[in-house]
Amino acid sequence: MTIEKISRLGALALCGLMAVMIVLVGIGVNQTRIGGPLDTSEQLLNDLRADILPPPMFLVEPFANASIMVLHRNAYDINDERLTKLEQEYAAGERRWAQSALSDQFKAEIADGVRTHGKAFWEEINLRLKPAAKRWDEAAMLASHRRLLTIYRAHREAIEKLVTRSEAFSATVKDHNTSTAIMVLVGSGLALMIMICALLYSFVWMRRKVLWPFAATGDTMRDMAAGDFDAGITSVHREDEIGTMTRAIETFRAALKADKARTEAQTEVVETLSGALRHLAEGDLTHRISQMPPGEHERLQDAFNASVGKLETM
């Protein structure tokens, strides 16, 4: 595999690792941030308890106004107005929690317990207590008040159970929020360590597999340029760009050595032939060439010796 391909794959792997790390950290932060799913779930439960313990969803104030209406004849108008407003707030609270992001289980408990008792409570006030108080029918008012007390107690019991369950669930949500935050921190730390290790590994790999071989190849080329044709000889070549360079260097080495050998041979031929011609010029017809380099130069040796031999015969 070539260095270019390894570098490309390594860069893609590092980018992918970084992207995964960013996504995981982002998911964790989104889960635990203020306004995130866990925080929203916890806040909903807190809001639910804040809504059902005091009015409008808890019927303690409506029951108190109904009791005052029963006890004081001249308190009908002011309590009638207040009860009407509390009923409207109660209905608005029911609609709000029915459309909220609470779990279906909590919505079902609100509908089956709190809302059922609330409906019976307001029907008792509007259909029986108010008409009896308006005409000041003490027997009817007392009977209606007793029924209201029974409904109120059942409603309060349902409220207390719902509050207990919501508090327990809030504790679970808090624990989950805390554990998620810890997991995010630990995961972020691990991801950072993995990224650092990957970068260190990439650096070491680059030095061992790329930088050092490039430096050694450069030294070999420098020494060959200075005349050392035996510098850095290798017969094992890598299957990448470094291998391509070392193969090319060996090709250049062979060509340089061959050229050097030809140059040395030509120099020897020139010197040998010059010496033989000097002997011939001095009239020495007994001198023969015997150490000409092998190959095509031997024909020159044979031709010279044959020519001098003929001259000597003549």
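This is a predicted model: local features need pLDDT of at least 70, side-chain atom pairs count only at pLDDT 80 or more; totals for chains, interfaces and linings use all residues.
Residues are numbered from 1 along each chain as its sequence is written, and side-chain values use heavy atoms, with hydrogens and water left out.

**Figure 1. The protein chain contains eight helices and zero strands.** Read along the sequence, the pattern is α-α-α-α-α-α-α-α. Helices (H or I, at least four residues) and strands (E, at least two) are DSSP runs, numbered from the N terminus. Of the 314 residues, 31% count as buried. Buried means under 20% relative accessible area, exposed means over 50%, and partly exposed lies in between (1.4 Å probe, protein chains only). Among contacts with a separation of 6 or more, 69% join residues 24 or more positions apart; a contact means heavy atoms within 4.5 Å.

**Figure 2. The largest nonpolar core has 20 residues.** A nonpolar core is a set of buried Ala, Val, Leu, Ile, Met, Phe, Trp, Tyr and Cys residues joined through side-chain atoms within 4.5 Å. The residues with the most contacts inside this core are Leu 59, Phe 121, Trp 122, Ile 125, Leu 129, Met 141 and Leu 148. Helices α3 (60-71), α4, α5 (104-134) and α6 each give two or more residues to the core, and α5 gives the most, with six. Leaving aside neighbours within four places in sequence, Ile 125 is in contact with Ala 66, Leu 83, Lys 130, Pro 131 and Leu 148. A second, separate core of six residues includes Val 269, Met 292, Phe 304 and Val 308. In soluble globular proteins, nonpolar side chains tend to be buried together.

**Figure 3. Helix α4 covers residues 76-98.** Its 23 residues should span 33 Å at 1.5 Å a residue, and the end C-alpha atoms are 32 Å apart, which agrees. The expected span of a helix is 1.5 Å times one less than its number of residues. The buried residues of α4 are Tyr 76, Asn 79, Leu 83, Leu 86, Tyr 90, Gly 93, Glu 94 and Trp 97. An α-helix has 3.6 residues a turn, so residues three or four places apart point the same way.

Figure 4. The structure holds nine salt bridges, each defined as a side-chain nitrogen of Lys or Arg within 4 Å of a carboxyl oxygen of Asp or Glu. The side chains of Asp 80 and Lys 130 meet in one of them (2.8 Å, N to O). Asp 80 is partly exposed, at 22% relative accessible area, whereas Lys 130 is buried, at 9%. Glu 124 forms a salt bridge with Arg 147, with the closest N and O atoms 3.0 Å apart. Glu 124 is buried, at 3% relative accessible area, and Arg 147 is partly exposed, at 36%.

**Figure 5. Helix α7 covers residues 241-281 and contains the pair Arg 253 and Glu 250.** The helix has 41 residues and reaches 59 Å from its first C-alpha to its last, close to the 60 Å expected. The side chains of Arg 253 and Glu 250 meet in a salt bridge (3.0 Å, N to O). Because the two are three residues apart in the helix, they are separated by about one helical turn. Both Arg 253 and Glu 250 are buried. Other buried residues of α7 include Ile 242, Thr 246, Ile 249 and Val 269. Just after α7, Gly 283 takes a positive phi of about 90°.

**Figure 6. Trp 136 lies in the loop between α5 and α6.** Its phi is near 55°, a positive value in a residue other than glycine. Most residues other than glycine have a negative phi. Trp 136 is buried, with a relative accessible area of 18%.
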